[in-house]
Amino acid sequence: MTLPQRREIETDRRLLLLVGLVVVVAAIIVATSFPAALRSAKPETVNDAAVLVMLTLMIALGTLVKARVRIRSTTQSISWNETAIIVGAAIAPTSVVVLCTAVGIALASLRLTPIKLAFGIGKNVIVAWGAGTALAMTPWTWPPTGTAPLMLLGPLAFAYLVAALLDDLLAIPVIALASQTRIAKHFRSNLDLRLAGFAVRFAVAACTLVIIRIDPRLLLAVPPLVLSLHLAYSARIRGRTEQQAWQRLARTTDALNVVDLDTVLTTAVTQAAELFSADEVEIELRDGDRAVRGGTGGITFDGPTGKPTDVHGTIVPTPLEGHDRTVDVGILRLRFRGPVQLSEREQYTLRTFASALCTAVRNAQAYAELARVANEHAYAAAHDALTGLANRRHLLDEGTEQLSARHADGVTALVLIDLNHFKEVNDTLGHAAGDQVLVQVADRLRGAAQASDLVARLGGDEFAVLLRGLPAPAVAAHRAEMLLAALHEPFELDGMRISVEASGGISAAPSSGGMAELLRRADVAMYQAKRAGQRISTYATTRDTADLGRLTLGGDLPRAVADHEFVVNFQPIVDLVTGEVTSAEALARWRHPTHGMIDPLRFLEAVERSGLLPAFAEAILDQALIAATNWRDAGFDIPVAVNVSPRSLLDARFPGSVLARLRAHDLPADRLVLELTETLTLSQLDVVDRVLSRLRDEGVRLALDDFGTGYSSLSLLSRIPVHELKIDRSFVTTMESSAEAAAVIRSTLDLGRSLNLTVVAEGVESEPQRRALWELGCAAGQGHLFARPVPAGTLLAAMQRGSGGRPGTLAAPLHDTGAVIRLSQNRRQPGRPRLPHLPA
């Protein structure tokens, strides 16, 4: 059983108890009045039976002549019966008046339901008894003798006041309970009209008594007078009711003039329930499948349409449409628990109210749509469309507000995160796959961040996390580690597992410069991490100058490429036993007009992140191939090695460009060695396999640089068709003092022999290192022991001069000729020039 149903049952029970109490009291009064009426029935008191009949008919007629007022599904009547009761109490004993009242009310109310009939008889019997008792307490006599008529108005007024009060005290609680409204509201309702009606009816009662005293035959003039007064009073009541209804309608339509739809619906439901005295009001909207129900007490239901109501009876539906009836937003239903028929005025009021509600709903819906669009635009202006994270603008705004808040608790810091080699994912798998990776990265960063942090995507593969309320600056490094650790596990992408490397820079809030300076410092720290091969770096003022220099140099790159400011030096690779030059590696330098010769570590990263990588790579390759051609023409046919950026391998045009340069310089493909830096990306992307396979098929030789320092050396060898391995200089430098370094060199040499690959040791600085490497089985080496990087002409002169008068050599042999039995090996493979690793 629902709550409204329980309330309705409780109301019916209380109503039955109240009516029953009234009926019981009235029955007691009738039972005690009957014997008294018999004893007092004397001709000199009641004149004759005609007067008794007249009194009964007057009471019946006063009951029938009513001004009706509907309250919800119950129609209440304002009658003239108390006038007849007062007249009867003035001329007859109270017991007789009680019995005449019971009979007269019964005759006039036969068509009513039993409970209404019983309550009407009981209420008026009590009113008659009260009026008669009150008059008996005064010096009233009938007919009046020796007393001025005006002196009798006081007792008569007192009796009428008692009758009127008893009538209201008995009727209003029952009406309020039946209509489920407040009692006080009914006592205050139309109080002025009720008082005026009391005065008129009292005057009629007094006049009637005067007429009876003069000549009872003049009573024939009383009914027309009563009818005229009744019509005037009824018209006044109707006028007042209509005036109040229009006033309430005006207030209601004004209250609907809001832009919030929920407020519109709540106001409409509660005001319509009062305006039309309905038990329940329902508004059903076609847009959104929404229904709202309630009454004067508020909303009882707000949800989808179709749920049944607890109020059953009369339903008055009205469409919510405009004046031109071209727009229909829903339907308004008035529900009453009993039979109700709206008057013509109420029907017109209902149509007017429905039209106003239609306009209010449309306005609220339009405003809500505008607000939604505005919120979407505001959100889009502050958030990244792909990931849903805050964008750069939002980050700057939030950060500026945070830094300007003097009351902010704790330390504010910024972590800038950049994905390494992300362009390779886009170029290889497509931008849709790259977008999926970015979305997953955003989700992981969002999950790793705390509630007070702001995670943002600044653009491309760059993210930032604003850390707020840190207890100390050092905590920022720990939080940054947690953020980058969230990216450690591979990402699932269309059935593939993609690993993403990231670099992070941390900066704490500066004392000046605001958010722009905080972001710049985090950017400097991030590039410090990239250059140092670290995952995370914290901003240090002492290293900021270099970063500013790098940013300055970045602006000079277009001019440097156009003016051929990049030059190549060459470092030879020699046979460790004979000292003979077997190849040379090309190393790029920047001859800057202002800063002089610049080392690659200062500009390679900028080249990779710019769009100048293809032009830069071609310039270095051209110089390397020209040098190889000159050496060949001078009698030294040795290969030249050029370092290749992984980003170049993601360019499908790269193999064609390399082969075109070889043809242009009339060099066989096997005179070029492309050195590849060992990276995780190379082992994952199929496009790299295709590019390298084409180059190898054309005869270009491949070398894997810095072997042993990357992520997946063995998997690389199974995917990339290299000819040569280069042992990183860090192992050579520490081989004499570190058993682990010597073990790495030994295992690399064993791997090279097993796979039929040439192995070159980098960083050979001393003769003991040379001899130790040879004893381990290493055939070739490169380092300052033999030569530093020099221009091509200088290296050619050194080879022509030779060591000990032996052209083509740069070091004395380890053994005399014939003292060593050489095992058959693969043809020695050349080294390669070192090119910067350029971003994709």
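Arginine 333 counts as buried because its relative accessibility is 19%, where buried means under 20% relative accessible area, exposed means over 50%, and partly exposed lies in between (1.4 Å probe, protein chains only). Glutamate 282 is also buried, at 3%. These residues form a salt bridge, with the closest N and O atoms 2.8 Å apart; the term stands for a side-chain nitrogen of Lys or Arg within 4 Å of a carboxyl oxygen of Asp or Glu. The pair links distant parts of the chain, since arginine 333 is in strand β7 and glutamate 282 in strand β3, 51 residues apart. Helices (H or I, at least four residues) and strands (E, at least two) are DSSP runs, numbered from the N terminus.

The model is predicted, so local features need pLDDT of at least 70 and side-chain atom pairs count only at pLDDT 80 or more, while totals for chains, interfaces and linings use all residues. Residues are numbered from 1 along each chain as its sequence is written, and side-chain values use heavy atoms, with hydrogens and water left out.

Strands β3 and β7 belong to an open sheet of five strands, in the order β5-β4-β3-β7-β6, with antiparallel pairing. Two strands pair if DSSP finds at least two bridges between them. Strands β5 (298-303) and β6 (314-321) each have a single partner strand, so one side of each is left without a neighbour in the sheet. Strand β4 (residues 290-295) is joined to β5 by five bridges, and arginine 293 of the chain stands opposite phenylalanine 301 in β5.

Two helices pack on this sheet. Helix α11 (residues 261-275) touches β3, β4 and β5, contact being heavy atoms within 4.5 Å. Its direction makes about 40° with that of β4; axes are lines fitted to C-alpha atoms, for helices over the stretch in contact, and angles run from 0 to 180 degrees between N-to-C directions. Helix α12 (residues 344-382) touches β3, β6 and β7, and its direction makes about 50° with that of β6.

Another joins lysine 726 to glutamate 762, at 3.5 Å between the closest N and O atoms. Lysine 726 lies in strand β21 and glutamate 762 in strand β22, so this pair ties together parts that are 36 residues apart in sequence. Lysine 726 is buried, at 0%, and glutamate 762 is buried, at 1%.
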